[in-house]
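Good morning, and thank you for coming. Today I shall walk through one structure, beginning with a term that we shall need.

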Amino acid sequence: MAAGMYLEHYLDSIENLPFELQRNFQLMRDLDQRTEDMKGEIDGLATEYTANARTLSSEQKLSLLRQIQESYTKCKEFGDDKVQLAMQTYEMVDKHIRRLDTDLARFEADLKEKQIESTDYDSSSSKGKKTEVRGQKDKKVARTRSKVKNSDDESSPKNGQKKLKLVHSTEYSAPAVTFGNVHPSDVLDMPVDPNEPTYCLCHQVSYGEMIGCDNPDCSIEWFHFACVGLTTKPRGKWYCPRCSQDRKKK
């Protein structure tokens, strides 16, 4: 594919990317605002509870505590949704970066192949020119031999005739140069960023939908849905397989 055509196709593929990023960022800002509003409600409920703790009945206290708990649960859901949006945004940009890296590697391989073909063509052309020059020299040598022979025949006596022998230089050939074949697939496998953190039981980078373990002491914390057998986000608290086993032992 020509460079101009590739650039046109690539720009078309990322035409909607700014709008998608803007939409995700706006959604994350909305989630932040809803979280802040919910925190304000929690502060109000907590202030009401502490100020009237002595006068409130047990049912009223329980009702206030339940409202505070529900508000914290909603805040956590907002946070989880924001994390999912952030990961989706990262994958959205990273997909185009990976495609660009792959195409750049392919173009680099194509350039190397063209350089090799150009070198082979120059070598063949040089050999052709040397053969042509050698042919012209041979013709000149032949004419010189003819002139020398005629001159000897006319000026020298037959019994004392001298013969002139012209020695033509040997043919020189350029040394053969062997180039290895470069294939695009040899450079398409781009290295993974070693500084990117890994997660989950598979120890891979973040991608797709992920879920966080509700154990604050979990050493892994984030898991891919497929690796832990999930297809949708579960309700309530969720613990990873390792933390679930530890909780059963306790």
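A charge is said to sit over a ring if NZ of Lys or CZ of Arg is within 6 Å of the ring centre and within 35 degrees of the ring normal. Please keep in mind that this is a predicted model.

With that term in hand, consider Arg-247, which lies over the face of Tyr-239, at 4.1 Å from the ring centre.

Let us turn to pairs of aromatic rings. How many aromatic pairs does the count come to? The count is one. Phe-223 and Trp-238 have ring centres 5.8 Å apart and planes at 70 degrees; planes over 60 degrees apart count as edge-to-face, so this pair is edge-to-face. The pair links distant parts of the chain, 15 residues apart: Phe-223 belongs to strand S2 (residues 222–224), while Trp-238 is in the loop between S2 and helix H4 (241–249). Both residues, Phe-223 and Trp-238, are buried.

Next, I draw your attention to Thr-35, in helix H2 (residues 17–51). Is Thr-35 buried or exposed? Its relative accessibility is 17%, and the limit for buried is under 20%, so Thr-35 counts as buried. Setting aside neighbours within four places in sequence, Thr-35 is in contact with Cys-75 and Phe-78.

Finally, we come to the largest pocket, which holds about 450 Å³ of space. Its lining comprises 21 residues, and those nearest the centre are Lys-76, Glu-77, Asp-80, Lys-233 and Gly-236. Helix H3 (58–155) and strand S1 (210–212) each supply at least two lining residues, and H3 gives the largest share, eight residues. By class, seven lining residues are nonpolar, five polar and nine charged.

Note on methods: Residues numbered from 1 in each chain as written. Predicted model: local features only at pLDDT ≥ 70, side-chain atom pairs only at ≥ 80, totals over all residues. Heavy atoms only, no water. Helix = DSSP H or I, 4+ residues; strand = E, 2+ residues; numbered from the N terminus. Buried < 20%, exposed > 50% of the residue type's maximum accessible area, 1.4 Å probe, protein only. Contact = heavy atoms within 4.5 Å. Phe/Tyr/Trp six-rings, centres within 6.5 Å; stacked < 30°, edge-to-face > 60°. 1 Å grid on protein atoms, 1.4 Å probe; cavity = no way out; pocket = protein on both sides within 12 Å on 5 of 7 lines; lining within 4 Å. Points joined across faces, edges and corners; volume = space filled by probe spheres on them. Nonpolar A, V, L, I, M, F, W, Y, C, P; charged D, E, K, R; others polar.
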